[in-house]
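Dear colleague,

I am passing on the structure that follows, together with notes on what came out of it. Please read them with the model open beside you.

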Amino acid sequence: MTLPIDVARRSFLQTTGISLGSMALQSLLAREGRAAEAVSPTGPKWQGVLQPMHHTPKAKRVIWLYMAGGMTHLETFDHKPKLAELHGQAMPESITKGQQIAQLQGQKLNCFGPQHAFKQWGQSGQSISEIWPLLGSKCADEMCIVRSLHTDAINHDPAHTFMNTGSMIAGRPAMGSWLQYGLGSESDSLPGFVVMVSTGKFGQKQPIAARQWHSGFLPGEFQGVEFRGTGDPVLYVGNPKGVTSKRQRDVVDAIQSLNGLAQQRLEDPEIATRVSQYELAFRMQSSVPELMDVSKEPEHIFDLYGTKGGDGSFASNCLLARRLAERGVRFIQLYHRDWDHHGAVKEHSAGTAKEVDQGVAALITDLKQRDMLKDTIIVFGSEFGRTPMAQGNGRDHHLAGFTMWFAGGGFKPGMSYGATDEFGYHAVENRVSVHDVHATLLHLLGIDHNRFSYKFQGLDSRLTGVETANVVKELLA
Amino acid sequence: MRCSGWFTVVCLNAVCLTSMIPGMVLGQGTAKNLPIPETIEFNRDIRPLLSDNCFQCHGPDKNKREAELRLDTEAGLKGHDGKPGTIVPGKPEESELIRRIISTDPDKKMPPAASGKTVSPRDIELLKKWVAQGGRFEGHWAFLPLHKDAAVAVANEQAAVSKVDELVARGLAEQNLKAAPEADKVTLLRRIHFDLIGLPPSEKDVAAFLQDQSPGAYEKQVDRLLQSPHFGERLAMWWLDLVRYADTVGYHGDQEMSVAPFRQYVIESFNANKRFDQFTAEQLAGDLMPNPTREQRIASGYNRLGMMSAEGGVQDKEYLAKYIAERVRNASGTWLGVTIGCAECHDHKFDPFTTKDFYRFEAFFADIQERGLYSGAHADGSWGPNIKVPTQQQETQLAALDAQIASLKQKLETATPELAAAQAEWEKTQIPWTVLKPDSIASVEGVTLTARPDGTILASGKNPATDTYTLAIKQLPPGVTAFRLEVLPDPSLPQKGPGRAGNGNFVLSEFIATIKPSVGDDRPVAISTATASYEQTGAAGDNPYKKWAIAAAIDGDAKGKKWGWAVMEKVGQPHVAIFETASDLTLENGDTLTIALQQNLDNPQHTIGLFRLSATTAPRPVKVTDAAPPNISAILAIAPPQRSEPQLKEVAAYFRTIAPSLQQSRNELAAVEKSRKDLDATIPTTLVTAAVAPRMVRILRRGNWMDESGEAVTPAFPAVLSAAAAPETRLTRLDLAKWIVARDNPLTGRVFANRMWKLYFGTGLSRKLDDLGAQGDWPSHPVLLDYLAAQFMESGWDVKRLVKTIVMTKAYRQSSLMNPALRDVDPYNRWLARQGRFRLDAELVRDNAMSISGLLVTQVGGKSVRPYQPPGYWAYLNFPQREWQNGVGDELYRRGLYTHWQRQYLHPSLLAFDAPCREECTADRPRSNTPLQSLVLLNDPSYVEAARAFAELILHHEGSTQQKLNFAYLRAVSRPIEPAESQLLEKLLETHLKDYQADPAAANELLKIGARPTPTDLPAATLAAWTSVARTILNLHEVITRN
């Protein structure tokens, strides 16, 4: 297209240049006591309110592999030989008295021995179940396993909300949103907080609410964006039928030019922001498909992940996670919703682990060979664990003790921390709360969780809540 | 353009300030370089900084208070009972408070470094000056009675408007600012249209207003809009955020609940200008009003709008605790604008609310009938008490059907001589049954089987997994042609039986009759056929009979021993099975007949609970279909003269249900009853509040629902807000409502007026809409806020009057244009030297496009609707799995507030424009500006279809291309198009016309988007090119902005 649209658009961009404005940023900065000028004119991206950061960060980004449904710790990462001995016997009442119980309420509580053998892996000799052959053999020495997690919620929905936002009450921002707010984005054509979901074949398909990546009381700009395996990878990112990219460009150009004329007339900075968002939207219409198209990846990468991509599998999402990380996305969360094993925990945990094993091992290996593991945190875990007691031949939800593990980004490699009791029931040694996990992750990202807050309903609300949370120093490299 | 990042809002220039302030974000802002005022006011200048920096450890929470020091009371600040204070009035240098704050000694410095808090130099100056000026203390403004200057008698409308303007002008004068001139008429008309009804003016509305030069022209428009049925819709959008209205339950499976009548109630209440005190009471306690009307019961659904769960494994008590705590957060947030909810686990850090206050507030809601776990609701949609809400038309239809039913029943219940004669004939054809009284009864598993005088046998005691009952009978009528087994309900059985399984069911695996002669071998009695009154069809997936058939009970276990006869769907009722013998059976002397009832299902305890065995010698065939029900045949066995009056009546009544002469009436009745049932199923229901005996509410220590050691409490108002002594009788929700709207409640009126101000200016007078407590925002115009609150209450809580007062002011009618000078001195437009400019709310973005394109269906109220939504968006919902089904016809073009509100997956177009999920009370929607919004407006089929419909309208407008474009602008932004704009769009049109002419397939594809038929009277390429133009216009910032 030629004159006059282009001319009007160019002249608009020239006159406004990069001195675009928006109240939102202005007031966020004002809150931090910083003038807007503090943002370097050469770095116009949203770089977060934490400038400078509280301390030098070890990690730049997080890839959170969220094993939704409540992964059994007893068949995966927390070996309990004693429980095997007690198989079929009543769980001592001293252990279960006054404890929250989910579906086993009012039923007989019998010990249920671990269903899979464990072995020592790698030079570190980490104890990991045999259902993780690739993870164990390739990555054990990268892993920092914490076996003393405990949480506050025993049902999926509030437990997810607690794990992601630090509160069971809906309406708080997810951790990814907090990071957008605090640290900003490194990508100028992709969202800084991306979520992908895969669904396996074994557990109950427990729902995942979009609340889990909502920005809560933080501005909507910081909301997580779901990338989908089918249909438009991002909602509405595809052009309408009959509209080519060129035609869409024409329309966007016309919008920009007309908005530019209004901006010249009114000097309303919100118009300038609108213009920049249309540009970004248009860029996303190509950057997102480009990201999702893995066809140019080399063969050995397909071999490594065990997928050619595009199949919506967990492994495929792992490959996309690496590509997102490369492009500067701050917080990437992959849900695999297949871990709710109320029955047949032996077969189902083996099946679900197989769905996950190669993808996670590939991701760690791949990041390492690109020298990105050092500043990428891998988080692996569930909203809670599962009972040492039998529920038929499965296990029920369990909040008093479970396992998460971390890798890269400043976590100590090849180490184990904390322990549950001999039944695998209570976290007893070096207990770690969900808030402690948040505090530790923030710490590695250069943030003091106590000083990172947002005023909501009068309170300096934090990701780590109102009670004390601690950075688990022992986990840090 | 490389100047932005993802979701980035870019501002590199300090002058780029606007009034387009996302309220939530603005709440964070404090201008650090504002001048220090001449006179320091405690509430404006000092309390916020003490609250922010000190109250956490030296505030209302007694459990977290350090060093026994309190800085939120005058006694704490200035000393009491011989205890020294932390300030010495008039002497900042002697005041410990100031010394500590400016101290450089880390052991003394306050707030301590670990708190992460620092007191700014300006704040220190404020503190010093305040102490120097005498350190005057004031209670927290929002908890104090309304300002004396404000609490005046109700003024006439004009006087109230003038008073508001006078108070705004006073503020401006103090700041040496001037009000902006009045906005141009087009802007004004668009402003009141969006603000009052949420829809743009039509070209005709604009033309008429421009022509009307009369002095009352503007007021006429305001009055017109206040009377519009869309006024209620606009305010409902706002109110529904507060009361967290949604169409789904929110937790776990996020299943649907039916509450649309509540939304309609809100709309109608605002339209009818219902007094706000009445509106309040109906929602909190409509069910407790004397003889509540249907409307009041619908309103009481407010208490039921919170989230609910049907997740297996939910602990009832935990969720009951969650639900009731949410009600405290919601009611205190909606009406009082305070965060009592923060006191659930600990005393409030900043406001004088204790944990006890929280739980006493909770206790008001302890009478609401509810469950913690709505087990099974994911399947049957039953979320507790609800009522039917028929439309007027449905009510009329129901009444007509009921009348028909009554008249038919009357006919069917009337005895006549003709019927009596027919009955006598019929009785002759009936099979007589003899009840068999066994000589012995045995259970293999040792169940207690008790024979009762009427021949029934009841199982009790041990309840084994499987069993066989064996009856031994020595007396039998000669020539038995059939046995009858009745299985009967009994109160002692689960679900009343007739089986002993937990669900009341049983499985009769085999019915075996055997003759045991006194000498010689047993002889089996051959059963030729068996029939039953009902055979279970459910859970029959792998049943070889495809149902739980009686045939399986006489098959000699040919297809497996567990299969048999069962009745799951019809438990709790009597059932009959009849077993025809192959040949007439007569017992010889000394013979014993044994009947074995084998019950072998592997799903345990499916045994029979109560039964009776009979025999007949009537000629074959003897089948259930020919037999009267057991109760009737028992009477028939008695000769008519010996029957009692009730027995006679019972038989006659039964006969009328089968009498051939009444068949037609019975058919008619069945048809009418079916129509009624069908109609009934289409009548919407709505959740309501049902009051029951209040459950006990305890103070839960640290909010822990498992801790039962806390003090039990009864309903009471928060101590700081109510001096009244505890009453003798338990307070109710109605009392709570009355207290909320009591004339001396300092919060409700202020909260309401403040939020109204936000609707009409973009920010509140106190910018924190969700918290008027100590951490809230000192209002820019405290007297004005109090004046509005007082007028609102004094006028009888007249909402429309308050709205009119605000929109009639000069302040409201100002231009929203900003100038650089103003930006510097009043960056947040707190002094109202101009109007606000802000993006339309999510629903209105949609409504506006629908309206411009002519697609909007303006029907008010009704059920929720489903505009286009991307497929698969609900993929991660479960229990059950669901796929969104786009609506049809008008449903696709309704206003945004009617869109189905799915809490976990709100429609992505609404979500992109900051509509809240409504899981909690939302007092203040943020206003973001994101690329996802651009993608919605560019690519969502709703907007593409709207653009095409708009293009059709434009093309049907007579005139040149320029005239068409001008028409489009008049419609979309109510003003003529500028030449530069017209040129741009003409160029786009020309390019795309050529483009689509060369690519007709693409044109057709574009035009097929949406359910609206593609017009045949317009060339496809032309319409497609104009659709590009229309898309461009609908995406303009100006189109989605209210200014």
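Predicted model: local features only at pLDDT ≥ 70, side-chain atom pairs only at ≥ 80, totals over all residues.

Residues are numbered from 1 along each chain as its sequence is written, and chains are lettered from A and ligands numbered from 1 in the order in which they are written.

**Strand β15 of chain B**

Strands here are DSSP runs of E with at least two residues, helices are DSSP runs of H or I with at least four, and both are numbered from the N terminus; two strands pair if DSSP finds at least two bridges between them. Strand β9 (residues 480-487) of chain B is also antiparallel to β15(B), with six bridges, and in that pairing B:V487 has B:F611 as its bridge partner. Strand β4 (residues 434-435) of chain B is joined to β15(B) by two bridges, again antiparallel, with B:T434 partnered by B:A615.

Seven of the seven residues of β15(B), which spans residues 610-616, are buried, so the strand is largely enclosed by the rest of the structure. A residue counts as buried if 20 or more other C-beta atoms lie within 10 Å of its own, as exposed if 12 or fewer do, and as partly exposed in between, with C-beta atoms placed from the backbone. In a regular strand the side chains alternate between the two faces of the sheet. Both faces of β15(B) are covered, with B:L610, B:R612, B:S614 and B:T616 buried on one side and B:F611, B:L613 and B:A615 buried on the other.

**An open sheet in chain B**

Five strands of chain B form an open, antiparallel sheet in the order β5-β8-β14-β10-β11, and its edge strands, β5 (440-443) and β11 (523-524), each pair on one side only. Four bridges join β5(B) to the antiparallel strand β8 (residues 467-473) of chain B, where B:I441 has B:L471 as its bridge partner.

**Chain B as a whole**

Chain B has 36 helices and 20 strands. Its radius of gyration, taken over C-alpha atoms, is 39 Å, well over the 31 Å that the globule rule gives for 1043 residues, so chain B is more spread out than a compact globule; the globule rule is 2.2 Å times the number of residues to the power 0.38. Along the principal axes, the C-alpha atoms of chain B fill a box of roughly 120 × 90 × 55 Å, and 50% of the 1043 residues count as buried.

The domain assignment of chain B gives domain 1 (42-137), domain 2 (433-627) and domain 3 (939-1042), with bounds that come from an automatic or database assignment. The C-alpha centres of domain 2 and domain 3 of chain B lie 77 Å apart.

**A buried glycine and a covered helix**

B:G253 lies in the loop between α11 (229-242) and α12 (260-271) of chain B and is buried, with 25 other C-beta atoms within 10 Å. Leaving aside residues up to four places away in sequence, B:G253 touches A:P207, B:A310, B:E311, B:H378, B:L877, B:N878 and B:F879, where contact requires C-beta atoms, placed from the backbone, within 7 Å. B:G253 and B:Y876 are 623 residues apart in sequence, yet 9.5 Å apart in space, C-alpha to C-alpha.

Helix α31 (residues 931-939) of chain B is mostly covered, with nine of its nine residues buried. What covers these buried residues includes α9 (269-292) of chain A together with α30 (908-912), α32 (941-956) and α36 (1020-1034) of chain B.

**A hairpin in chain A**

Strand β10 (residues 394-398) of chain A is mostly covered as well, with five of its five residues buried. Strand β9 (residues 385-391) of chain A pairs with β10(A) in the antiparallel sense over four bridges, and A:R386 stands opposite A:H397 in β10(A). The hairpin of β9(A) and β10(A) has two residues between the strands, and in it A:G392 takes a positive phi near 60°.

With best regards

Key. Contact = placed C-beta atoms within 7 Å.
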